[in-house]
Amino acid sequence: MPVIDAQVHVYERNHPGRPWVDVLHGPPEVTDADMIRAMDEVGVDGGLLVSVHTMYRYDASYAIEAYNRHPDRFALIKPVDPTDPGVAETIAAWRGQEGAVAIRIMMRAGVSTDPADPGINAVLAAAGKHGFPVNLLAYGRLDTQVAPLAARHPGTQLVIDHLGLQQPFEPPAPPEPWADLPKLLGLAQYPNVAVKITGACTLSHEPFPYRDIWDPLARIFDAFTLDRCMWGTDWTRAVGLLTYRQGVDAFRVTDRLSDGDRARLMGGTITKIYGWAPGTG
């Protein structure tokens, strides 16, 4: 079974040809070559390449270039703008992009908190029509917005980014990093909701191998089953807290996963939900 990281980012240094909109916490540059090198060093076969919203907003051109150089290692996820009246057409066009497997909504300031918002519902309807999972950065909105959206769009696969929890960019972890876990667990009743176990190690109060994350993770695995849970690192956001190797090895050395469970969590479920595996282009 291939090992697949559920969320990685790549980006160039800021330059006039592709200027940044804002600054992401992380290295000044992580090219696709850098990401491939990091993955090769720890035996990660592929990654879901999420175009960086912070720097590039809805322009996925650099991620597409990276994919074109490494189509056997990356699949593509593009943020879309739910306030754009043409968002359904954008999603339809994304279906024609080689390597595209999903879209993403950044549910931050400026994006409606109303579960009946027509723009967000248009995104979910179009995604369902074109067979795209919708990745949601939605901390603070799981019970009030994501739950009714999941009920309203049962034919659209929703994927909760980063455990649905706000995660730190630098140490220390928040005093109560799992405080909103019950809100995430409440989404398990909707069969169209899956969870990215991305950035989990950044919520630890202990050094590697981060043993204190496993009791709350076990509650997630019990609620959703491993058929709806997907490991990942969220590299590069996490570089201030741990290395890429630590984010991978924490899930390899633990005795809380059987070999079969590890294979599902670290690749098998991603292949099922996104319909992609490394080497398939």
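Angles under 35 degrees count here as roughly parallel, over 145 as roughly antiparallel, 65 to 115 as roughly perpendicular, and whatever is left as oblique. The model is a predicted one, with local features kept at pLDDT of at least 70, side-chain atom pairs at pLDDT 80 or more, and totals for chains, interfaces and linings taken over all residues. Numbering starts from 1 along each chain as its sequence is written, and side-chain values use heavy atoms, leaving out hydrogens and water.

Helices (H or I, at least four residues) and strands (E, at least two) are DSSP runs, numbered from the N terminus. Axes are lines fitted to C-alpha atoms, for helices over the stretch in contact, with angles running from 0 to 180 degrees between N-to-C directions. Contact (heavy atoms within 4.5 Å) involves Val248, Phe251 and Arg252 from H9, and Arg262, Leu265 and Met266 from H10. Sorted by class (Ala, Val, Leu, Ile, Met, Phe, Trp, Tyr, Cys and Pro nonpolar; Asp, Glu, Lys and Arg charged; the others, Gly among them, polar), that gives 4 nonpolar, no polar and 2 charged residues.

Next up are helix H4 (residues 87–95) and helix H5 (residues 118–130), whose axes come within 9 Å and cross at roughly 25°. That makes H4 roughly parallel to H5. On the H4 side, Val87, Ala88, Ile91, Ala92 and Arg95 take part, meeting Gly119, Ala122, Val123, Ala126, Ala127 and His130 of H5.

As for aromatics, rings of Phe, Tyr and Trp (its six-membered ring) pair if their centres lie within 6.5 Å, and planes under 30 degrees apart are stacked, over 60 edge-to-face, the rest tilted. The count comes to 6 pairs. Phe208 and Tyr210 pair edge-to-face, at 5.7 Å centre to centre and 90° between planes. Phe208 is partly exposed at 34% relative accessibility, while Tyr210 is buried at 5%. Trp231 and Phe251 make a tilted pair, at 6.4 Å and 55°. Trp231 sits in strand S8 (residues 229–232) and Phe251 in H9, so the pair ties together parts 20 residues apart in sequence.

Key. Buried means under 20% relative accessible area, exposed over 50%, partly exposed in between (1.4 Å probe, protein chains only).
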